[in-house]
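Open the model in your viewer and keep the sequence panel beside it. We will go from stop to stop, with a note on what to select each time.

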Amino acid sequence: MAFWAWTTLLAPLVAAVALAISPNLRRSANGPKLAIASVMLCAAVSLLFWISGARGESSWSWMDFSAWGGPNIELGVLVDPLSIMMLLVVGWVGSAIFVFALGYMKGDPSIGRFYAKFALFVFSMLGIVLANNFLMIFVFWELVGASSYLLIGYYVDKPSAVEAGKKAFLTNRVADFGFLLGILLIWRLTGHFDFKGIEEAVSGGALTGADTGTLALAAFLIFIGAAGKSAQMPFHVWLPDAMEGPTPVSALMHAATMVAAGVYMVIRVFFCFESAPGVVDWGWAPGFVAMTGGLTAVLAATIALVQRDIKKVLAYSTLSQLGYMVMALGAGAYSVAMFHLTTHAFFKGLLFLCAGSVIHGCHHEQDMFRMGGLRKLMPVTFRTFTVGMLALTGVIPFAGFFSKDLILDALHIKHMSGLQILATATAGLTALYMARAWILTFFGEYRGHAHPHESPKVMTRPLVFLAVISVVAGFFYGPFQDYLAHWTPKKLGIDASIAITSLFVVGLGYGAAFFVYGKGMDRAVALKNRFRGVYTLLDNKYYFDDFYSWLVRSVQQSVAALCRVFEEWVVVKGMVGVPVAATMWIADRSRRLQAGQLNFYAYCFAGGVTLMLVLFFVFFGGGR
Amino acid sequence: MTVGHVITLAGVLFTIGMLGVLSRRNILIVLLSVELMLNAAALAFVGFSNLHGNLDGQVMVFFAITVAAAEVAVGLAVVIALFRLRVTVDADRVDTLKG
């Protein structure tokens, strides 16, 4: 077990390093194949673990400070149902995306660099998945941030891509600071970094009094870290901009890996949230976890309604679906959150790859208003996109239906009626914006100027693979919850009344989309003119970006100006300037001693010798 | 002739040499004065060697004479080089290293 776990963790790193140090490999066709093989190894190992039922933990002492009363910092891999499930997602969705990228990036002169960064990203993600302690998860957390920066800014000659990479990195850094504080607080409270030790220390009412308050604060800080990676409000701003990266990057980061990391991490340390009062449930209102998720879900879904860029629609849809997962976390339904994460990884990965195929077919056109009528021209992409859309919008019997309904069920059981209504409404909005994108892209007349064509087999085969899973995955909601029994407080089923309600709302969404966009753009334009205020609000994404710009410009810049005054007057002029002036003054006085007169030096020499002799006789002369 | 006479002579020679070094401006004279001081020290060695009845001091004098010969060679070479450069042997006019 341990050998294969370490191997699957290190294989992508080996591929990334090999590509990074060898220019020949980067230029050759074998470079991408090496990276693909490393990810496929992960897929194979995850399947092996799943079938063989492997369990275990293997750790290696990295830095031991216990002799000085500090912690023993370990690097370790933990193989349990949760990490195996996540490995399956990363491995299989990752493999499909890696193969797809071979077609999508074909002809790119720096495809070797692309695959090096891609493999490095997978390595970082696998580190998070397999980590058995908080410090290791944090290290790989930062690595994911760094490699996402590299990938989003892949098109280095495109300023907007570089800016987007910077934005993603900085936004994540802000949230990671909270995460780090949370980790340190947990360590102070329990003396452990490893999950097993922490679980024993906090669960089962082991904490009392003020300690539970500390744990609640720690859980809150850890959730901030998760919100950063999983792009929850108010840290969501980096995700839509991250669409500047190549489409396979968007598919990998925003479907299967990076944004899933936050949710995965919360499930991994769910005991911290369970044992802390006020995090999951305040008694009179849902806790902030569920609130954050609900808010993100509905706001992102409304923004998605007005996007023109096909990838941006999917980006906001991802935000919205992550909101669902976080709502499930807030309702204490951890295995359900994981189930939605899994199904979402497959169908959202599929949708992103379909978008990539469309963009590739339309010669790098991303505006949906310059597409249309692609149904005939790209039949495979059209069919698989349709499957992905049905799965995402939760149409029975596609995967999304089951996972979304379980979340609604979890909210219902916890009596979070407000959030349940919000989530159901979001399901309708999801249907509306997805059907809008579907109609604009695939129906009507072609509105662009390129000559769209179906993508090659290397791109369509991953689509078909993901589409098949998106159809069948949903039926396994029962066994899935059994598999993650440790994380399942109460096994949930499909509730008929909730299911029918949500299906009805989804139907309304589809109906509205067909009504508005089904026959040309006239009704859409009329709607836009009628509700101009709402449209402006949505088009400006609720002014989050403007607010942050204002925050940076006015608050941060004035603090920086203050620091600058301090630096110039106290540090430069005071702490550095005063010693410099003193030294110069002393030097100016003392240099006159160097007269350049040989006799003067001789006098000094003779005088010095005489003085030394006199002193010698004064102190030692009487000792005869 | 006691050791006192010898040491007195050595002291007088040393003082003359030192005054020469301190007061004269001509570098050649300064070098000569340095030689005088060196020989005063050698004379003191011989005197004490005689007093104690062993030859260590006299051996030391041979070393001192050897070193002095080498030193004079180097010193005169420096003076010649200086003269070629500056056309003077006046120490007061060689003050390029003034601070």
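Start by selecting chain B, whose secondary structure comes to 3 helices and 0 strands; helices (H or I, at least four residues) and strands (E, at least two) are DSSP runs, numbered from the N terminus. Read from the N terminus on, its elements run α-α-α. The radius of gyration of chain B is 17 Å, well over the 13 Å that the globule rule gives for 99 residues, so chain B is more spread out than a compact globule. (That radius is taken over C-alpha atoms, and the globule rule is 2.2 Å times the number of residues to the power 0.38.) Along its principal axes, the C-alpha trace of chain B spans about 50 × 25 × 25 Å.

A word on what you are viewing: this is a predicted model, in which local features need pLDDT of at least 70 and side-chain atom pairs count only at pLDDT 80 or more, while totals for chains, interfaces and linings use all residues. Residues are numbered from 1 along each chain as its sequence is written, with chains lettered from A and ligands numbered from 1 in the order in which they are written.

Stay on chain B and colour by burial: 13% of its 99 residues count as buried. Here, buried means 20 or more other C-beta atoms within 10 Å of a residue's own, exposed means 12 or fewer, and partly exposed lies in between, with C-beta atoms placed from the backbone.

Now select residues 544–590 of chain A, helix α26, with 47 residues. From first C-alpha to last it reaches 64 Å, close to the 69 Å expected at 1.5 Å a residue (1.5 Å times one less than the number of residues). Centre on A:Gly577 to find a kink of about 45 degrees, shortly before the proline A:Pro579; the bend is the angle between axes fitted to the seven residues ending there and the seven starting there.

For the last stop, select residues 56–64 of chain A, strand β1. Of its 9 residues the number buried is 0, so β1(A) lies largely in the open. Finish on A:Ser58, whose bridge partner in β2(A) is A:Val77.

Technical notes. Pairing = 2+ DSSP bridges.
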